[in-house]
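Here are my notes on the model you sent over.

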Amino acid sequence: MGDLSADQLDNLKKDSRFTLTASPGMQMYYLQMDALGKSGRKELTDPRVRRAIFMAIDREGIIKALMPGAEMAQAPEVFCHTGRQIGCTPHTQSYPKYDPEGAKKLLAEAGWKDGFPLKIFTRPPMTDVTIAVAGMLRQVGIKAEVADMPLSVYRKMRDEGKVVARIGESPYGDIPDAGTILDRWFGVDLRDYWRDKD
């Protein structure tokens with residue numbers, strides 16, 4: 001079974017008819033932000049703001065609280081599965097560490113001491129994760145809200161340049177070649193909110 005919530009897993013564990021074994025997969029959840037300002041919103045075009053957002057998110061905490069089989073889930077430092085996908089080579093750059101106080105300081109430095117509204121688009125099965133992320137962003141002053149919608153509605157808004165932030169999933173993680181993930185980010189212009197030709 002896939003896409004179980006932690007609560008569903010706990011209920012199954014209580015039922016003696018079932019034996020449960022977690023196995024590692026390669027599905028990925030990710031946060032996508034409008035770094036180009038396609039939506040007309042400029043907050044996320046500032047790298048300090050994007051960094052502050054990542055600093056506000058406790059990725060390990062989300063795994064422990066929401067991911068069934070959390071002992072096997074990871075918050076990787078690269079956007080592929082090291083050792084499990086061809087072409088996935090670790091690099092020296094890593095995600096910012098969880099630091100909500102540092103995130104507040106960085107937002108203030110970028111001119112957003114009082115925060116700003118941020119709608120985060122999502123859909124099941126990422127809804128619970130998105131709610132958790134929105135709560136963490138609110139702790140640093142960003143007035144985050146969750147916009148849960150069908151994929152078809154999201155795609156229409158994305159193609160019209162109306163998406164500011166999104167938590168999505170990558171089914172391409174299940175293919176043992178990192179090139180499939182690169183295609184997701186650099187292969188289709190309509191989903192590209194960060195294009196840097198270099």
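Is Phe116 buried or exposed? Phe116 is buried, with a relative accessible area of 2%; buried here means under 20% relative accessible area, exposed over 50%, and partly exposed in between (1.4 Å probe, protein chains only).

1. Ground rules. This is a predicted model, where local features need pLDDT of at least 70 and side-chain atom pairs count only at pLDDT 80 or more, while totals for chains, interfaces and linings use all residues. Residues are numbered from 1 along each chain as its sequence is written, and side-chain values use heavy atoms, with hydrogens and water left out.

2. Layout. The chain has 7 helices and 4 strands, taken as DSSP runs numbered from the N terminus (helices: H or I, at least four residues; strands: E, at least two). Read from the N terminus, the order of elements is α-β-α-α-α-β-α-β-α-β-α. Of the 198 residues, 37% count as buried. Among contacts (heavy atoms within 4.5 Å) between residues at least 6 apart in sequence, 73% join residues at least 24 apart.

3. The aromatic pair. The ring centres of Trp112 and Phe116 are 5.4 Å apart and their planes sit at 70°, so the pair is edge-to-face. For the cut-offs, rings of Phe, Tyr and Trp (its six-membered ring) pair if their centres lie within 6.5 Å; planes under 30 degrees apart count as stacked, over 60 as edge-to-face and the rest as tilted. Trp112, at 29% relative accessibility, counts as partly exposed, whereas Phe116 is buried.

4. A charge over a ring. Have a look at Arg166, which lies over the face of Tyr154 at 4.1 Å from the ring centre. The test is that NZ of Lys or CZ of Arg is within 6 Å of the ring centre and within 35 degrees of the ring normal.

5. The cores. A nonpolar core is a set of buried Ala, Val, Leu, Ile, Met, Phe, Trp, Tyr and Cys residues joined through side-chain atoms within 4.5 Å. The largest one has 28 residues, and those with the most contacts inside it are Leu44, Ile53, Leu118, Ile120, Val133, Leu137 and Ile142. The elements that give two or more residues to this core are α2, α4, β2, α5 and β4. A second, separate core of 6 residues includes Met28, Val78, Cys80 and Ile181.

6. Helix α5. Its 13 residues should span 18 Å at 1.5 Å a residue, and the end C-alpha atoms are 19 Å apart, which agrees; the expected span is 1.5 Å times one less than the number of residues. The buried residues of α5 are Thr127, Val129, Thr130, Val133, Ala134, Met136 and Leu137. What covers them includes β1 (28-33), α2, α3 (59-66), β2, β3 (143-148) and β4. Just after α5, Gly141 takes a positive phi of about 105°.

7. Pro125 sits in the loop between β2 and α5, and the peptide bond from Pro124 to Pro125 is cis, with omega near 10°. Also nearby in your viewing list: Glu169 forms a salt bridge with Arg123, with the closest N and O atoms 3.5 Å apart. Glu169 lies in strand β4 (residues 165-170) and Arg123 in the loop between β2 (117-122) and α5 (127-139), so the pair ties together parts that are 46 residues apart in sequence. Glu169 is buried, at 11% relative accessible area.

8. Other salt bridges. The whole structure has 9, each being a side-chain nitrogen of Lys or Arg within 4 Å of a carboxyl oxygen of Asp or Glu. Glu109 and Arg48 meet in one of them (3.8 Å, N to O). Glu109 lies in helix α4 (residues 100-109) and Arg48 in helix α2 (residues 47-56), so this pair ties together parts that are 61 residues apart in sequence. Asp46 joins Arg48 and Glu109 in a network of salt bridges. Arg41 pairs with Glu43 at 3.0 Å between the closest N and O atoms; Arg41 is partly exposed at 25%, whereas Glu43 is buried at 10%.
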